[in-house]
Amino acid sequence: MLSFWTVVERAFNGPICTERDFELGVFVPNLRKIVEKYGIKYDPQNPVPADDDLADRVWEAGMEFLVETGVYCVDTERRILFSREEIDGALASGPCGRVFGEGKDTRVMPKRVPEDATPPWCSVGPTSSPLSSELHYVNLVKAYAENPLGDGITIPCLTRVNGQPIVGGSPLGIEGAIRAVLLTREGMRRAGRPGMPIVNGVTTAARAQEHIAAHHFGIRRTDALEIGTIHEMKVDFDTMNKVAFSQAASNLIFAENGVILGGLAGGPAGVAVVTAAYNPVDLLVLRGAVQHPFPTHFDLGITSARDTIWARSVSNQAVTRHSTLPVVNVGYSAAGPMTKMLFYEHCAWVIASVVCGGSVEVGASARGTALDYTSPVEPLLASEVAHAVAGMSRNEANKIVKALLEKYEPQLREPPVGQKYQECCDPVTGQPKSEFLELYLEIRKEMADQFGIQFTSVSPYL
Amino acid sequence: MLSFDEVVERALTGPICTERDFDLGILVPNLRKVIEKYGIKYDPQNPVPNDDDLADRVWEAGMEFLVETGVYCLDTERRIIFSREEIEGALESCPRKVVFGEGKDAREMPRRLPEDATPPWCSGSGAGPVSTEWNLINIVKTYAEDPLSDGITAPCLTNLDGRDLVAGSPRGVEGAIRTVLLVREALRRAGRPGMPVVNEVASAVRATEHIAGHSFGNPDTDFIEIGTMHELKVDFDALNKVAYCQAVGNLTFAENGVILGGFAGGPAGVAVVSAAYNPVDLLVIRGVVQHSFAVLIERGTTSSRETIWARSVANQATARNSPLPMVTPVYTMAGPMTEMCYYEYAAGIIASVVPGGSIELAPPSRGVVVDHSGPIEEIFGNAVAHAVAGMSRKEADGLVLALLDRYEDRLKDPPAGTRFQDYFDVGSGTPRKECLELYRKMRREMTDKFGLKMALTSPYL
């Protein structure tokens, strides 16, 4: 595989063009051409298609698109180009069986394929959702870490330090990032899982300096820094600096690609192709141990809509049939905590992701943006569902997802707001309220009775 | 002392003004006013004045100027204002007797007064930018081998595997990390593995690079060097370095390069602004050392008559009134392997140490010419610094005047000197014969003509 420093060299010396020319003169025309050439079409009737040929065409389209387009470096205004041979070389060198965590909390990242019976990786946590107070932080993390199906933790995002709003890039960003890591480690220790890996360290950090500063306070080599591309097919030096540090510190990387449906990638077909194209980018540029994609609806800001589920299902199949880089899908749901809709949304996108070959990170509620609207209960059920559907056929998954979509799709534009963490859980004990646990058991029973999902008994709330 | 959180809060909420208004509408008029009020006048005939009253007036002027002016935050376009009581509180809370380094290489940073016999702190290495990693290791190792060297000023790599090191890019991150690892290896080879690096990390410009490099160094006893911006300004990048140092308990060299001929004006203004920076270095940069150097706008040197006067006066003002120790860097115009380089070092060192400072021996050739590194000249400088501790200001003034006579007329067109690899055997890690001959000649001259009793600790006698 090309060295990282060759990639950096290309960021300095590649073909020059303005960002606008890259987007509208290179990216969009190339993508349109490829989508048409490979006959990739969105089918809303089948959110989880069972079509290997479609998956393979999406992959080929993605690779051809990547070769012709490259990755744009915002700081140098140059394109980092890769040949097909270089892409294949990266895929052949891709990480297999990376180990995350320490001690008894050590887990191996599985490489899965569509309809694979191998249990998926489950990251649990609020997926960077914002919290108003560090008073809730430790108990929230502890509750997530107590889920035995949780392989890794995604830490919440502090919004204030000593009452002052955190400003990214300021000293408050540095302190916020450090504090978030220390609080998370304490939460995991109290849960009896001190070696559990943090897979999005550090969410309170926006800039490289904040990531690196917090690294000193508890991000271990067996944790993962989450490093993202910029929409679409772009990186900047801040991103690449995080990579350079991770390379030097031998840190694991979750390579994040939030492809926007309705943005430059267009509709579901384009999103699937671009998501596939990101896979080798995540190896070559971000040096990832995991691809961490989440096609997100431009308007709704969620991953549980029908079109985003289709794009995810197809790209997951494309990637897992051809690449060695494992996929951990992350999802954002529209409804808030302690609502039936949130359970349904989580279940729909989790089933689509797992049956199509991915692993999952569950999960953000209220689009991951509403302050304090997060809870550990829905992600627990989602992780139970993720394990239960491993080995399920795509046809069966398609039926379940369609049935779930019918339950919540009409409410996506005006979802129930639900309750804040401090309302649906006791912030002092960290325990969910009794009516919340009743709702959890009700939905769990519904999933078993209506869809035949067979749960294990690992849940701490049975 | 005000907490750092409170300083950040003021950076976010203090009085707003444009940078231009701060420079020309606040800083310059306030400075002119206090210089006139306190009657501070440059005296070229006495580059090392012997005048306690002048020193105290400079200090008072500096404090009044700081209270009226504040510190400007570039990112928020706001002024961070401090009251006189808050400044006094910071001075009373100043860290004292801080220890740097580990094991047998641990050293206490002295707080010195004018004419103090306490030996000064000496740090350096003699390297600015270097072209190869091998040069870097040899330069650091050579300076570290002198027992009078207390700390290392890390050189600056200019390329990574032949590719230009671009600040802010991934090469900046790798450059910072690599510099730290190479310096540590050089110190190990010198038998001084616990010696503190005082400008960790020289190849780093941005906070990202500093913090990344720091992870690979000696986090407890090295310094991060964090600078203000000309004049009385900071930005979030600098404050972020401070936030990180506060969190890891790291020691900070608070750097203030006051420009003579810039907003601070002439030598009188530079002395006042240098004094004003002292509490800023405590309150904003959270330094354990003030690392101030008046530098000429035109030639970028610290060894001209005006900058030496400004430094002498500011050092006296600060040493007499603040407990925050000073380590003042000395640059030269002349390149290595020239007599003028030795003279410039001697003048700058005497004018720093006798008024109450310690020294950092900065590189020859203004620290900007690749491979114009002078570790042997800096070992000479260590000995001069120790020899003049306890000297009277009057005697120091006579020595500096005599040294200025030897090089002042050549400051505009100084001898370029010789590259490190041309006077040093990089393979064996030893200076060539002609290098040692010049070094010994200059030592003799300092003893014979200036009466300095040079220490016998040098490895190259």
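User: How many residues of helix H10(A) are buried?

Analyst: A residue is buried if 20 or more other C-beta atoms lie within 10 Å of its own, exposed if 12 or fewer, and partly exposed in between, with C-beta atoms placed from the backbone. By this rule H10(A) is mostly covered, with 14 of its 17 residues buried. This is a predicted model, in which local features need pLDDT of at least 70 and side-chain atom pairs count only at pLDDT 80 or more, while totals for chains, interfaces and linings use all residues. Residues are numbered from 1 along each chain as its sequence is written, and chains are lettered from A and ligands numbered from 1 in the order in which they are written.

User: In which order do the strands of the open sheet with S17(A) stand?

Analyst: Strands of a sheet pair through backbone hydrogen bonds, either parallel or antiparallel. Two strands pair if DSSP finds at least two bridges between them. In chain A, four strands form an open sheet in the order S7-S5-S18-S17, with parallel pairing. S7 (152–153) and S17 of chain A are the edge strands, each with a single partner, so one side of each is left without a neighbour in the sheet.

User: Which residues stand opposite each other in that sheet?

Analyst: One can follow the order strand by strand. S5(A), residues 122–124, is joined to S7(A) by two bridges, and Ser123(A) stands opposite Gly152(A). S5(A) also pairs with S18(A) over three bridges, where Val124(A) faces Val362(A). S17(A), residues 328–332, is joined to S18(A), residues 359–364, by four bridges. Within that pair, Val328(A) has Ser359(A) as its bridge partner, and Val330(A) stands opposite Glu361(A).

User: Are the faces of S17(A) covered or open?

Analyst: Both faces are covered: Val328(A), Val330(A) and Tyr332(A) on one side, and Asn329(A) and Gly331(A) on the other, are all buried. S18(A) is likewise mostly covered, six of its six residues being buried. Helix H12(A), residues 377–388, lies across S5 and S18 of chain A and runs at about 160° to S18(A). Here axes are lines fitted to C-alpha atoms, for helices over the stretch in contact, and angles run from 0 to 180 degrees between N-to-C directions.

User: What is the order of the open sheet of three strands in chain A?

Analyst: The order is S11-S13-S15, with parallel pairing. S11 (224–228) and S15 (290–293) of chain A are at the edges with a single partner strand each, so one side of each has no neighbour in the sheet. The twist averages 30° from one strand to the next. S11(A) and S13(A), residues 252–257, pair over five bridges, with Leu225(A) and Ile253(A) as bridge partners.

User: How do H9(B) and H10(B) pack?

Analyst: H9(B), residues 267–283, and H10(B), residues 305–321, pack at an angle of about 35°, with their axes 8 Å apart. Two residues are in contact if their C-beta atoms, placed from the backbone, lie within 7 Å. Among the residues that meet are Val270(B) and Ala271(B) of H9(B) and Trp309(B) and Val313(B) of H10(B). The contact divides into nine nonpolar, three polar and one charged residue. For these classes, Ala, Val, Leu, Ile, Met, Phe, Trp, Tyr, Cys and Pro count as nonpolar, Asp, Glu, Lys and Arg as charged, and the others, Gly among them, as polar.

User: How many residues does each chain bring to the contact between the chains?

Analyst: Chain B gives 24 residues and chain A gives 25. On the side of chain B that touches chain A, helices H1 (4–13), H6 (170–189), H7 (207–214) and H8 (236–248) of chain B each give two or more residues. The largest share, eight residues, comes from H8(B). By class, this side of chain B has 14 nonpolar, five polar and five charged residues.
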